[in-house]
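I set down what I looked up, pair by pair.

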Amino acid sequence: MNKAIKYRLYPTTEQATMFAKTFGCCRKVYNLMLADKIAYYKANGKMLTTTPAMYKKDYPYLKEVDSLALANEQLHLQTAYKNFFRDKKIGFPKFKSAKHSRKSYTTNNQKGTITVFDNAIKFPKVGRVKAKIHRQPLDNWKIKSATISQDSDGKFYVSVLFEYEKIVTSVVISDNVIGLDYKSDGLYMDSNGYCPEGHHKYYRRNQEKLAHAQRKLKHMTIGSNNYKKQQRKIAKIQKHTSNQRLDYLHKQSTKIANSYDIVCVETLDMKAMSNKGFGNGKATLDNGYGMFLNMLEYKLADRGKYFIKVDKWYPSSQLCSCCGKQKKLTLADRMYKCDCGLAINRDHNAAINIKNEGLRLLKSA
């Protein structure tokens, strides 16, 4: 099995310069290889095999950075190029932009070239870089690769990929099960009637501060030092909002993964739900429910527990969780009232139905 852990890096000025140089060289090699592939295919109708070594004579500065980082760019381009010819819907590879492309590169571990210490991580060509090691890998974990990246706010991170053997024992099907229904104003409602408390719409909370910073940027001269400083301030606000949301979702998903053996959810297209027809696109995306489900899935799998997906067309909101009778509701109907006498919150009723359907699917599998 593989597991990646992301650490915050604190490079020196020289190390940050080397990271920036590697980002630029990787982007340069990628663009050169892509340009040659396009030209060769137009001329001959065949694919051209390119390697970073082909360009080191014309561009000597490519020899100064990690060669494995350049080799990984070759692999990334090959994958993107072949995927396009396999399925045209994927789209043709695009040239990387110095302004808009993500600043990152991946290097592989070869006999200890990447090593995690108590307060630092060693990289090829860079050396030991100070880092916040909030989680130490186990002794039987082997480092496969590391992806160094820089966010728009200027901070450096590394995602270290570990390989290890783990015997996963599936949990016996029990009554320790819960169903989750999406709730626009509270992330989710579970089958026990619980909805997370607190205001978690972090974009809404920081929207006024962000708008103020963006208005200041609008009145500055493009390209000036003050303009660049203001851009970094905006990036910090956006990154802070993202970190707040991720922290909240991680805590909620970890709490559920530790408490229950079986979690049943409804597969929803969050992008479709955020369209103009519903009128709450910003609130839907601010919830981060899609990320929440992804976190739940891998955390439950890591613990050997069950994550059951119920089809999105299953009428969870229309069925009575008591007698099973189906009744059509509008979005304005927040209470489900059935002829059998059941009167329950609409989302709570849906969560119970999702739980029952998920158990049925699990037992019939």
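Predicted model: local features only at pLDDT ≥ 70, side-chain atom pairs only at ≥ 80, totals over all residues.

**Entry 1: helix 3 and helix 4.** I listed the residues in contact between these two helices. On the side of helix 3 I found Tyr202, Tyr203, Asn206, Lys209, Leu210, Ala213, Gln214, Lys216 and Leu217. Their partners in helix 4 are Tyr227, Gln230, Gln231, Ile234, Ile237, Gln238, His240, Thr241, Gln244, Arg245 and Tyr248. By class, I sorted this contact into nine nonpolar, eight polar and three charged residues. I then looked up the geometry: the axes of helix 3 (residues 202-218) and helix 4 (residues 225-259) cross at roughly 175° and come within 9 Å. Helix 3 is therefore roughly antiparallel to helix 4, since an angle over 145 degrees counts as such.

**Entry 2: helix 4 and helix 7.** I next followed helix 4 to its contact with helix 7 (residues 289-302), where the axes lie 9 Å apart at an angle of about 40°. That angle makes helix 4 oblique to helix 7, and I noted the crossing as right-handed. Helix 4 contributes Arg245, Leu246, Leu249, His250, Gln252, Ser253, Thr254, Ile256 and Ala257. From helix 7 I recorded Met291, Phe292, Met295, Leu296, Tyr298, Lys299 and Leu300. The classes here are 10 nonpolar, four polar and two charged residues. I note that Arg245 is listed in the contact with helix 3 and also in the contact with helix 7.

**Entry 3: helix 1 and helix 2.** How far apart are the axes of helix 1 and helix 2, and at what angle do they pack? I found 9 Å and about 40° for helix 1 (residues 13-44) and helix 2 (residues 67-86). The two helices are therefore oblique to each other, with a right-handed crossing. In helix 1 the contact residues are Thr22, Cys25, Cys26, Val29, Tyr30, Met33, Leu34, Lys37 and Tyr41. They meet Ala69, Leu70, Glu73, Gln74, Leu77, Ala80, Tyr81 and Phe85 of helix 2. I counted these by class as 13 nonpolar, two polar and two charged.

**Entry 4: length and end of helix 1.** After helix 1 comes glycine 45, with a positive phi near 70°.

**Entry 5: helix 8.** I repeated the check on helix 8 (residues 346-364). Its 19 residues should span 27 Å at 1.5 Å a residue, which agrees with the 27 Å between its end C-alpha atoms. At the N-terminal end I found a cap, asparagine 345, with a side-chain oxygen 2.9 Å from the backbone nitrogen of aspartate 347.

Technical notes
Residues numbered from 1 in each chain as written. Heavy atoms only, no water. Axes fitted to C-alpha atoms, helices over the stretch in contact; angles between N-to-C directions. Helix = DSSP H or I, 4+ residues; strand = E, 2+ residues; numbered from the N terminus. Parallel < 35°, antiparallel > 145°, perpendicular 65-115°, else oblique. Left-handed = near helix turned anticlockwise from the far one by under 90°. Contact = heavy atoms within 4.5 Å. Nonpolar A, V, L, I, M, F, W, Y, C, P; charged D, E, K, R; others polar. Expected span 1.5 Å × (residues − 1). Polar contact = N/O pair within 3.5 Å; in protein donor to acceptor, adjacent residues only side chain to side chain.
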